[in-house]
Structure formats: C-alpha cells, structure tokens
Amino acid sequence: MTGSVGPGGPHVLVVEDDESLRNGLCRYLDSQNLAATGVATLGAARELLRLHRFDVVVLDLNLGPEDGLDLARELAVQRRPPVIITSGRVEEADRIVGIELGADDYMTKPFSFRELLARIKGVLRRSAEPQRPVAHRRVARFDRWAVDITAHRATDESGKIVHLTVGELALLRAFLDHPNRVLLRNELLSLTRRDDAEVFSRTVDVLITRLRRKLEIDRHRPAFIRTVRGEGYLFDQHVSWEFLPS
C-alpha cells in the first residue's frame, strides 16, 4: 500500500498495479493537498473501502488477472464513492462500458498528472454539490416525475426514487431546459459541458438508453425522449420548475 489513511481533506484511493505509476501519482496528489492512498489489487481496494472513507477512486482497469470493471460495477451499485477510470484500453466500446456502469470519468493512458488532477477536482466539486447548504432546491416536474437537480434523483408519483449519475443528470437537464425542441447531438454535447460533465459524442445514445430505462414505462416505446430520425432527440413533455426549501 502506498500512502496512509487518516483524517483531513479529500482522500483519493488509487488502484493501480504499476508500482512506479502508483507511487508517482500518489506523491503528486499529496503535493497538491490531496491525501492519496495507493493499492495494487481489487482485494486491497475493497478492504480499504470497507474500513475507510474515500472521496474518489482512481481505478485502473487492467490489474493483472483482475478487471477493474468489477469494482466499478460494485461501487456504482453502492453509489459511493465517485470513480475515475484510467485505462490503456482506447477502444470506444471500453469507454462506453465504463460510463454505462456509472463511472464519473474515463481517461486513457498515458495521461498527465495535471489533467488527472483537474478531473479529480471536477468530480469532487460535482459530488459535493448535493451537500452544499442552499436556500432552495430546483425541481423539474413532468408527467409523473419530479427531478431534484440538487439531489441527483427523480421521484415518481408513487414515491419510487431513481438516482441519476452525473452524466445522466447533465443530459436530462439539457432536455428539461429545452422541452419540445429537437436537439442535435452537437447541441446536447454543448449543453452538457456547461455542467462540467463528461459526456462524449458516442455516449449520448448510451445515456439516453439509460434514462429511458429509468424513467419510461416502456423504454422500447419512449414517451419522453423521442428519437427524430435524421435530426436528433426531442423531449416531448411539458416541464414546470419549482424552487423548494432545502
């Protein structure tokens, strides 16, 4: 294990089997006022996550015989903590799988420590937003759903709660802010970057599939997010906004 676990500011768990990279990254993050602990295996990572609180996990996918996607999947189910995947897998399909599992970001190797630091800070900033003391919560209502932007979740009229990842929420916000208007893929990318979310051109379709799965009664016959062939996507709903006490 590289580094140490203890109280203080944001704590990063680095799961990387390349000892030189792991040690160098931990030293760099420590120099940037981020506590960093590094481990080489999924077993060690799971044990530390069980015993201690981490604010973000930097997770390599290629861990010898182990696949980091297994841990990414587990953390997505537990909804803690945010995950930034790092990998030498440069294929588009690998990136999409990582995001579909709920990873908050995906970086291909080689990467600069400085860029990774910026990504970590972005994830920390976004993950801290629901806990910020605010005067009001912004809630969008359509059909049977109420979408709490601050809490990153949607609640239907029966009380069922659906949690939304950063990418899902960013894309849904783009639709909620522009209902009954066809949005091209490039427009969606531009609107989601406003939220500092990692949404890539080829993952728009993946995120829309996930939103349909979570919000539509029949995702094969979507009533909310409609595909306009040859043009883009249309959010076919009346949307109203409320500001509720926090």
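Begin by selecting Arg210, which lies in helix H8 (residues 204–215); helices (H or I, at least four residues) and strands (E, at least two) are DSSP runs numbered from the N terminus. This is a predicted model, in which local features need pLDDT of at least 70 and side-chain atom pairs count only at pLDDT 80 or more, while totals for chains, interfaces and linings use all residues. Residues are numbered from 1 along each chain as its sequence is written, and side-chain values use heavy atoms, with hydrogens and water left out.

Arg210 has a relative accessible area of 4% and is therefore buried (buried is under 20%, exposed over 50%, partly exposed in between, with a 1.4 Å probe and protein chains only).

Next, select helix H1 (residues 19–31) together with helix H5 (residues 113–128): their axes are 11 Å apart and the packing angle is about 60°. Axes are lines fitted to C-alpha atoms, for helices over the stretch in contact, and angles run from 0 to 180 degrees between N-to-C directions. Show the side chains of Leu21, Gly24, Leu25, Tyr28 and Leu29 in H1, which meet Phe113, Arg114, Leu116, Leu117 and Ile120 in H5; contact means heavy atoms within 4.5 Å.

A cis peptide bond, with omega about -5°, links Lys109 to Pro110.

Continue to Asp143, in the loop between strand E8 (136–142) and strand E9 (145–148). Asp143 is not a glycine, yet its phi is positive, near 45°. Its relative accessibility is 53%, so Asp143 counts as exposed.

Finish at His152, in the loop between E9 and strand E10 (153–156). His152, also not a glycine, has a positive phi of about 60°. With a relative accessible area of 12%, His152 is buried.
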